[in-house]
Amino acid sequence: HKGSGARGVGLVQGLGLRTGAVASTVAHDSHNLIIAGTDEEKMARAGNYLAEHGGGMVVVTDRIDAVSLQIGGLMSTGGIADVAAEYKQLRQAAERTGSEVDELFMTLSFLALPVIPELKITSNGLVDVNEFSLVPLTV
């Protein structure tokens, strides 16, 4: 965000990913790039894809499915029918990861919203929102 080079890393459970990676530049409130996945190579492919395409949402499994959001990583230059069709295909691709979360990308975006409890991922790291403190990944 803002080219600062800052990044946070956290461990996530509950997304149900069994394979692949998902990434999005729609990540409340800062809209930083957020990536979750089962292996680093697919996670890197997801992040690099969005960087190369100006933002959006992507699923990387044995292929790449994406919705491009070229305007600030939040809005598309495409027509509503095209974007809706792309998003429908993206949701189907998300199912191929093994996730049974209904709105995987909405869930992913709220992992980065540090104004609601409990633990959130930010560019400063993992944050305990209730305590207003950073949480180490190791004990």
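Glu103 counts as partly exposed because its relative accessibility is 31%, where partly exposed lies between buried (under 20% relative accessible area) and exposed (over 50%), computed with a 1.4 Å probe on protein chains only. The model is predicted: local features need pLDDT of at least 70, side-chain atom pairs count only at pLDDT 80 or more, and totals for chains, interfaces and linings use all residues. Residues are numbered from 1 along each chain as its sequence is written, and side-chain values use heavy atoms, with hydrogens and water left out.

**The loop between α2 and α3**

- Glu103 sits in the loop that runs between α2 and α3; helices (H or I, at least four residues) and strands (E, at least two) are DSSP runs, numbered from the N terminus.
- Leaving aside residues up to four places away in sequence, Glu103 touches Tyr87 and Arg91, contact meaning heavy atoms within 4.5 Å.
- The side chains of Glu103 and Tyr87 make a polar contact at 3.0 Å. A polar contact is a pair of N or O atoms within 3.5 Å; within protein, one must be able to donate a hydrogen and the other to accept it, and residues adjacent in sequence count only if both atoms are side-chain atoms.
- The C-alpha atom of Glu103 is 10.0 Å from that of Leu15, a residue 88 positions apart from it along the chain.
- Asp102 is in the loop between α2 (80-95) and α3 (104-110), and it counts as exposed because its relative accessibility is 64%.

**Nonpolar cores**

- The largest nonpolar core has 19 residues, of which Val22, Val59, Phe105 and Leu108 touch the most other members. Such a core is a set of buried Ala, Val, Leu, Ile, Met, Phe, Trp, Tyr and Cys residues joined through side-chain atoms within 4.5 Å.
- Two or more residues of this core come from each of β2 (34-37), β3 (56-60), α2 and α3.
- Leu108 touches Leu15, Val22, Ala23, Ser24, Ile34 and Ala36, with residues up to four places away in sequence not counted.
- A second, separate core has 7 residues, among them Ala21, Ala23, Tyr49 and Val60.

**Thr61**

- Thr61 belongs to the loop between β3 and β4 (64-68).
- With a relative accessibility of 6%, Thr61 counts as buried.
- Its side chain makes a polar contact with the side chain of Asp62, at 3.1 Å.
- Not counting residues up to four places away in sequence, Thr61 touches Gly20, Lys42, Arg45, Arg96 and Thr97.

**The sheet β5-β6-β7**

- Three strands form an open sheet in the order β5-β6-β7, with antiparallel pairing; two strands pair if DSSP finds at least two bridges between them.
- β5 (119-122) and β7 (133-134) are the edge strands, each with a single partner, so one side of each has no neighbour in the sheet.
- β5 and β6 run antiparallel and are joined by 4 bridges, and a hairpin connects them through 2 residues.
- Leu119 has Asp128 in β6 as its bridge partner, and Asp128 also stands opposite Ser133 in β7.
- Strand β6 (residues 125-128) pairs with β7 in the antiparallel sense over 2 bridges.
- The hairpin of β6 and β7 has 4 residues between the strands, and Phe132 in the turn has a positive phi of about 55°.
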